[in-house]
Amino acid sequence: MFSFLNAADSDPWKTHYEEMAKKTVIRRLFKYLPVSVEMQRAVTLEEQAQIGESQDHPLVFDTSNVFDGEYQSETEHSKEILNTSTGEVTKD
């Protein structure tokens, strides 16, 4: 049976206060640091997951750079082999 008393004892703010405080400060300062778009999206998604908010948001996933197309997996076509001494590329 789950004990709420044991859960409260394992709270990271009680067991690792300094580390959690550092994490909080870094996360708050992170908003002002120059970071990549990918990193900004990752942090936004993590924050939304922690508060139980939907992660399917148009501002997070910009679909203007997404394109449709056909592709062929590596197993569906022959492999290319490079001859390192001549530099010749041949099909398998």
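Helix α4 has 14 residues, and at 1.5 Å a residue these should span 20 Å; the C-alpha atoms at its ends are 20 Å apart, so the two values agree. The expected span here is 1.5 Å times one less than the number of residues in the helix. Helices (H or I, at least four residues) and strands (E, at least two) are DSSP runs, numbered from the N terminus.

The model is predicted, so to speak of a local feature takes a pLDDT of at least 70, and side-chain atom pairs count only at pLDDT 80 or more, while totals for chains, interfaces and linings use all residues. Residues are numbered from 1 along each chain as its sequence is written, and side-chain values use heavy atoms, with hydrogens and water left out.

Stepping back to the whole protein, there are four helices and two strands. Read from the N terminus on, the elements run α-α-α-α-β-β. Of the 92 residues, 5% are buried; buried means under 20% relative accessible area, exposed means over 50%, and partly exposed is in between (1.4 Å probe, protein chains only). The accessible surface comes to about 8700 Å², and carbon and sulfur atoms own 57% of that. Accessible areas come from the Shrake-Rupley method with a 1.4 Å probe, and for residues only the protein chains shown count as cover. As for contacts (heavy atoms within 4.5 Å), take those between residues at least 6 apart in sequence: 3% of them join residues at least 24 apart.

Now for the charged side chains. The structure holds two salt bridges, a salt bridge being a side-chain nitrogen of Lys or Arg within 4 Å of a carboxyl oxygen of Asp or Glu. One of them pairs R27 with E46, with the closest N and O atoms 3.4 Å apart. This pair ties together distant parts of the chain, as R27 sits in helix α3 and E46 in helix α4, 19 residues apart. E46 has a relative accessibility of 39%, so it counts as partly exposed. R27 also meets E47 in a salt bridge, at 3.6 Å from N to O. Here too distant parts of the chain are linked, R27 being in helix α3 and E47 in helix α4, 20 residues apart. E47 is partly exposed because its relative accessible area is 31%. Through shared partners, the salt bridges join R27, E46 and E47 into one network.

On the surface, V25, L29 and Y32 make up a nonpolar patch, with about 360 Å² of accessible area together. Patches are made of residues with over 30% relative accessible area and no salt bridge; like charges are joined within 9 Å, and nonpolar side chains (Val, Leu, Ile, Met, Phe, Trp, Tyr) within 5 Å. Y32 belongs to the loop between α3 (17-30) and α4 (37-50). With a relative accessible area of 69%, Y32 is exposed.

What about the aromatic rings? A search of the whole structure turns up one aromatic pair. Rings of Phe, Tyr and Trp (its six-membered ring) pair if their centres lie within 6.5 Å; planes under 30 degrees apart count as stacked, over 60 as edge-to-face and the rest as tilted. W13 is partly exposed, at 35% relative accessible area, whereas Y17 is exposed, at 53%. P12 is placed in helix α2 (residues 12-15). Not counting residues up to four places away in sequence, P12 touches Y17 and M20. P12 is partly exposed, since its relative accessible area is 36%.

I81 is part of strand β1, and its relative accessibility of 43% makes I81 partly exposed. From I81 to K91 there are 10 residues in sequence and 6.1 Å in space, C-alpha to C-alpha. In the loop between β1 (80-82) and β2 (89-91) lies E88. Its neighbours within four places in sequence aside, E88 is in contact with I81, L82 and N83. E88 is partly exposed, with 47% relative accessible area.
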